[in-house]
Amino acid sequence: MTTALNPLTRPGTAATATPAATVEIRCPQQGWVPVCTLDDLIPGRGVAALLPDGTQAALFVDRAGQAYAIANRDPFTGAQVLSRGLTGSADGRAFVASPLLKQRFDLASGGCLDDPEVSVAAYPVRTRGGARDC
């Protein structure tokens, strides 16, 4: 027998447990779109999400629980790989370094820290439900 799981609760948790906060990305035409739970994100690791318009976003969370979303497409190579990049910070700004050519992109603004002429889209992110609403 197969049991369907609520995608917003973790397997093995009690039904009465508070569900994890949902991470939502604001898309230009669709408004706020739920993409995963905050528990699905691990500091230092990104995940890719397919948005309703067919584009991909790279989601990250820092150690303080702040979620970020930028376009997943590396503008230098055209590959959808930014979600697999290495995260860090420079001058207090969280960034992801592309796994291919290592250019760093600010997670809040999408700006390239290594080439100010280049940027990727940065999406507003919020968390809803669970123990915190942002």
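This is a predicted model: local features need pLDDT of at least 70, side-chain atom pairs count only at pLDDT 80 or more; totals for chains, interfaces and linings use all residues.
Residues are numbered from 1 along each chain as its sequence is written, and side-chain values use heavy atoms, with hydrogens and water left out.

The secondary structure of the protein chain comes to zero helices and 10 strands, where helices (H or I, at least four residues) and strands (E, at least two) are DSSP runs numbered from the N terminus. Along the sequence, the pattern is accordingly β-β-β-β-β-β-β-β-β-β. Of the 134 residues in the protein chain, 37% are buried, a term for under 20% relative accessible area, with exposed standing for over 50% and partly exposed for what lies in between (1.4 Å probe, protein chains only). Among the contacts with a separation of 6 or more, 39% come from residues 24 or more positions apart, a contact being defined by heavy atoms within 4.5 Å. The accessible surface comes to about 7,700 Å², and carbon and sulfur atoms hold 51% of that area; accessible areas come from the Shrake-Rupley method with a 1.4 Å probe, and for residues only the protein chains shown count as cover.

Strands of a sheet pair through backbone hydrogen bonds, either parallel or antiparallel. Here, two strands are taken to pair if DSSP finds at least two bridges between them. An open sheet of three strands has the order E2-E1-E10 with antiparallel pairing. Strand E2 (31-37) and strand E10 (125-128) stand at its edges with a single partner strand each, so one side of each is left without a neighbour in the sheet. From one strand to the next, the twist averages 35°, based on axes that are lines fitted to C-alpha atoms (for helices over the stretch in contact), with angles running from 0 to 180 degrees between N-to-C directions. Strand E1 (residues 22-27) is joined to E10 over four bridges in the antiparallel sense, and Ile-25 stands opposite Val-125 in E10.

A further set of pairings involves strand E5 (67-71). Five of the five residues of E5 are buried, so this strand is largely enclosed by the rest of the structure. Strand E4 (residues 56-61) runs antiparallel to E5 and is joined to it by five bridges, with Ala-71 in E5 as the bridge partner of Ala-57. The hairpin of E4 and E5 has five residues between the strands, and Gly-65 there takes a positive phi near 90°. E5 also pairs with strand E9 (residues 122-123), in the antiparallel sense over two bridges, and Ala-69 stands opposite Tyr-123 in E9.

Most residues other than glycine have a negative phi, and most peptide bonds are trans. Lys-102, in the loop between E7 and strand E8 (104-106), has a positive phi of about 75° although it is not a glycine; its relative accessibility of 49% makes Lys-102 partly exposed.

On the surface, Phe-76, Leu-100 and Leu-101 form a nonpolar patch with about 260 Å² of accessible area together. Phe-76 is found in the loop between strand E5 (67-71) and strand E6 (86-90). Patches are made of residues with over 30% relative accessible area and no salt bridge, like charges being joined within 9 Å and nonpolar side chains (Val, Leu, Ile, Met, Phe, Trp, Tyr) within 5 Å; a salt bridge is a side-chain nitrogen of Lys or Arg within 4 Å of a carboxyl oxygen of Asp or Glu.
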